[in-house]
Amino acid sequence: MLAHVNRITSGSDYQGVVRRGVRIVGAHTVLYVRPGSVPTDVVVPVRFGFIVAKNVGDAVRRNLVRRRLKAVTSELLSTVSPGTDVVIRALPTARDAAWQTLRDEVQRSLSRSRPARKGSAGR
């Protein structure tokens, strides 16, 4: 399960990530990623937030989707750079998605959000 220090809890933090973060759209989720701008000598945890609206389904289905997303992010926690805030919005298609499908999509979206390394193939 995701520890409390790794959760976004305030509405203003959610708003900041959604408004100023990089948006990555998948088949079942939309990820908003906002990299942290903290000094390297300070360790700031990665934080995740979840938005699962009523269009995903009834309360039981929404909570199932939220629990799956929390399990996915708990597993992928070490792959995200410290200080990054991520908000995951579940789309209505997430209601029928398998856990592995959600995991692969979130992992792919997180890897797309990382900036390209210097010296990699480019112009």
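**Entry 1**

I began with E75 and R103, whose side chains meet in a salt bridge at 2.2 Å, N to O; I take a salt bridge to be a side-chain nitrogen of Lys or Arg within 4 Å of a carboxyl oxygen of Asp or Glu. E75 lies in helix 2 and R103 in helix 3, so the pair ties together parts that are 28 residues apart in sequence. I call helices and strands by their DSSP runs (H or I, at least four residues, for a helix; E, at least two, for a strand), numbered from the N terminus. I noted that this is a predicted model, in which local features need pLDDT of at least 70 and side-chain atom pairs count only at pLDDT 80 or more, while totals for chains, interfaces and linings use all residues. Residues are numbered from 1 along each chain as its sequence is written, and side-chain values use heavy atoms, with hydrogens and water left out.

Is R103 buried or exposed? R103 counts as buried at 17% relative accessibility, whereas E75, at 40%, counts as partly exposed; here buried means under 20% relative accessible area, exposed over 50%, and partly exposed in between, with a 1.4 Å probe and protein chains only. I also found R103 in a salt bridge with D104, at 3.9 Å, N to O, and D104 is partly exposed at 31% relative accessibility.

**Entry 2: the other salt bridges**

I looked up the count, which comes to five salt bridges by this rule. One of them joins the side chains of D13 and R47, at 3.1 Å, N to O. D13 lies in helix 1 (residues 11–20) and R47 in strand 3, so this pair ties together parts that are 34 residues apart in sequence. D13 is partly exposed, with a relative accessible area of 27%. Salt bridges that share partners also join D13, R47 and D85 into one network.

**Entry 3: the whole chain**

I then stepped back and found three helices and four strands in the protein, following the pattern α-β-β-β-α-β-α along the sequence. Of its 123 residues, 36% count as buried. Among contacts with a separation of 6 or more, 80% are between residues 24 or more positions apart, where contact means heavy atoms within 4.5 Å.

**Entry 4: helix 2**

I turned to helix 2 (residues 59–76), whose 18 residues reach 26 Å from the first C-alpha to the last, close to the 26 Å expected at 1.5 Å a residue; the expected span is 1.5 Å times one less than the number of residues. Which residues of helix 2 are buried? They are R62, V65, L69, K70, V72, T73 and L76. Seen down the helix axis, these buried residues fall within an arc of 165°, so they line one face of helix 2; the arc is that of the directions from the helix axis to the C-beta atoms. They pack against strand 2 (29–34), strand 3 (47–52), strand 4 (85–90) and helix 3 (99–113).

**Entry 5: the nonpolar cores**

I next looked up the largest nonpolar core, which has 22 residues, and in which L31, F48, L69, I88, V106 and L110 touch the most other members. A nonpolar core is a set of buried Ala, Val, Leu, Ile, Met, Phe, Trp, Tyr and Cys residues joined through side-chain atoms within 4.5 Å. Strand 2, strand 3, helix 2, strand 4 and helix 3 each supply at least two residues of this core, and helix 2 gives the most, with four residues. Apart from this core lies another, of six residues, among them I8, Y14, V30 and V87.

**Entry 6: helix 3 and L110**

I finished with helix 3, where L102, R103, E105, V106, S109 and L110 are buried, and where the cover of the buried residues includes strand 1 (22–25), strand 2, helix 2 and strand 4. Leaving out residues up to four places away in sequence, V106 touches L31, L69, V72, L76 and I88. L110 is buried, with a relative accessible area of 4%; setting aside neighbours within four places in sequence, L110 is in contact with L31, V33, L76, V80 and V86. I also noted that the C-alpha atoms of L110 and T79, 31 residues apart along the chain, are separated by 8.5 Å.
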